[in-house]
Amino acid sequence: MDKRAVKGLTQRQLQVSEQIRHVLAWVFERGQIRDPVIRDLIITVTEVRVSPDLRNASVFFLPLGGNQSCQINEVLKGLNKAVPFFRKQLSKSMRLRKVPNLNFVSDVSFESASYIDELL
């Protein structure tokens, strides 16, 4: 078994994931995205998980508002289409040898937590 699997995430992974989360949150806050589906939404980056080699990152996001859950597939397509723009912003803001490939994933942890809360 790999020693890293036993220990969990390294300090470097945690640092890079937090930096990515802050840069993406800043880009969403500034409204620099041209896609009208994404530009008009308030998107929260809840978590970023970076692979051990720092080449891939899963970005968990949550669109805030009332009925965005029905549009989640459109938002996901728009975000994945804008990955080159996000990588360019990351390269400007961070000092890494390679900018990680971003994979956007809808965060369902809040929905599952509210479901468990209703059950209790």
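From the N terminus on, the elements of the protein chain run α-α-α-β-β-α-α-β-α, which amounts to 6 helices and 3 strands. The model is a predicted one. Of the 120 residues in the protein chain, 33% are buried. Among contacts with a separation of 6 or more, 62% join residues 24 or more positions apart.

**Nonpolar core**

- The largest nonpolar core has 28 residues, and the members that touch the most others are Ile 20, Phe 28, Leu 79, Phe 86 and Leu 102.
- Two or more residues each come from α2 (11-30), β1 (42-50), β2 (56-64), α4 (72-81), α5 and β3.
- Helix α2 gives the largest share of this core, 6 residues.
- Leaving aside residues up to four places away in sequence, Leu 102 touches Ile 20, Leu 24, Ala 57, Val 59, Val 83, Phe 86, Arg 87 and Leu 90.

**Aromatic pairs**

- The model contains 4 aromatic pairs.
- One of them is formed by Phe 86 and Phe 104, with 5.3 Å centre to centre and 55° between the planes, and this pair is tilted.
- That pair links distant parts of the chain, as Phe 86 lies in helix α5 (residues 83-93) and Phe 104 in strand β3 (residues 101-106), 18 residues apart.
- Phe 86 and Phe 104 are both buried.
- Phe 28, Phe 61, Phe 85, Phe 86 and Phe 104 are linked into a cluster by ring pairs.

**Helix α4**

- The residues Ile 72, Val 75, Gly 78 and Leu 79 of α4 are buried.
- Viewed down the axis of α4, these buried residues fall within an arc of 125°, so they line one face of the helix.
- An α-helix has 3.6 residues a turn, so residues three or four places apart point the same way.
- Asn 73, Lys 77 and Lys 81 are exposed on the other side of α4.
- The packing partners of the buried residues of α4 are α2, α3 (36-39), β1, β2, α5 and β3.

**Helix α5**

- In α5 the buried residues are Val 83, Phe 86, Gln 89 and Leu 90.
- Their arc around the axis covers only 125°, which puts them on the same side of α5.
- Pro 84 and Lys 92 are exposed on the other side of α5.
- The elements that cover the buried residues of α5 include α2, α4 and β3.

**Contact between α4 and α5**

- The axes of α4 and α5 come within 5 Å and cross at roughly 55°.
- The two helices α4 and α5 are therefore oblique to each other.
- On the α4 side the contact is made by Leu 79, Asn 80 and Lys 81, and on the α5 side by Val 83, Pro 84 and Phe 86.
- On α5, Val 83 and Phe 86 are buried, whereas Pro 84 is exposed.

- Val 50 belongs to strand β1.
- With a relative accessible area of 7%, Val 50 is buried, since the cut-off for buried is under 20%.
- Not counting residues up to four places away in sequence, Val 50 touches Gln 13, Val 16, Ser 17, Ile 20, Asn 56 and Ala 57.
- Val 50 and Leu 9 are 41 residues apart in sequence, and their C-alpha atoms are 8.9 Å apart in space.
- Leu 54 sits in the loop between β1 and β2.
- Most residues other than glycine have a negative phi.
- Leu 54 has a positive phi, near 60°.
- The relative accessible area of Leu 54 is 18%, and this residue is buried.

**His 22 in helix α2**

- His 22 is a residue of helix α2.
- His 22 is partly exposed, with a relative accessible area of 49%.
- His 22 and Val 48 are 26 residues apart along the chain, and 9.8 Å separates their C-alpha atoms.

Note on methods
Residues are numbered from 1 along each chain as its sequence is written. This is a predicted model: local features need pLDDT of at least 70, side-chain atom pairs count only at pLDDT 80 or more; totals for chains, interfaces and linings use all residues. Side-chain values use heavy atoms; hydrogens and water are left out. Rings of Phe, Tyr and Trp (its six-membered ring) pair if their centres lie within 6.5 Å; planes under 30 degrees apart count as stacked, over 60 as edge-to-face and the rest as tilted. Helices (H or I, at least four residues) and strands (E, at least two) are DSSP runs, numbered from the N terminus. Buried means under 20% relative accessible area, exposed over 50%, partly exposed in between (1.4 Å probe, protein chains only). A nonpolar core is a set of buried Ala, Val, Leu, Ile, Met, Phe, Trp, Tyr and Cys residues joined through side-chain atoms within 4.5 Å. Contact means heavy atoms within 4.5 Å. The arc is that of the directions from the helix axis to the C-beta atoms. Axes are lines fitted to C-alpha atoms, for helices over the stretch in contact, and angles run from 0 to 180 degrees between N-to-C directions. Angles under 35 degrees count as roughly parallel, over 145 as roughly antiparallel, 65 to 115 as roughly perpendicular and the rest as oblique.
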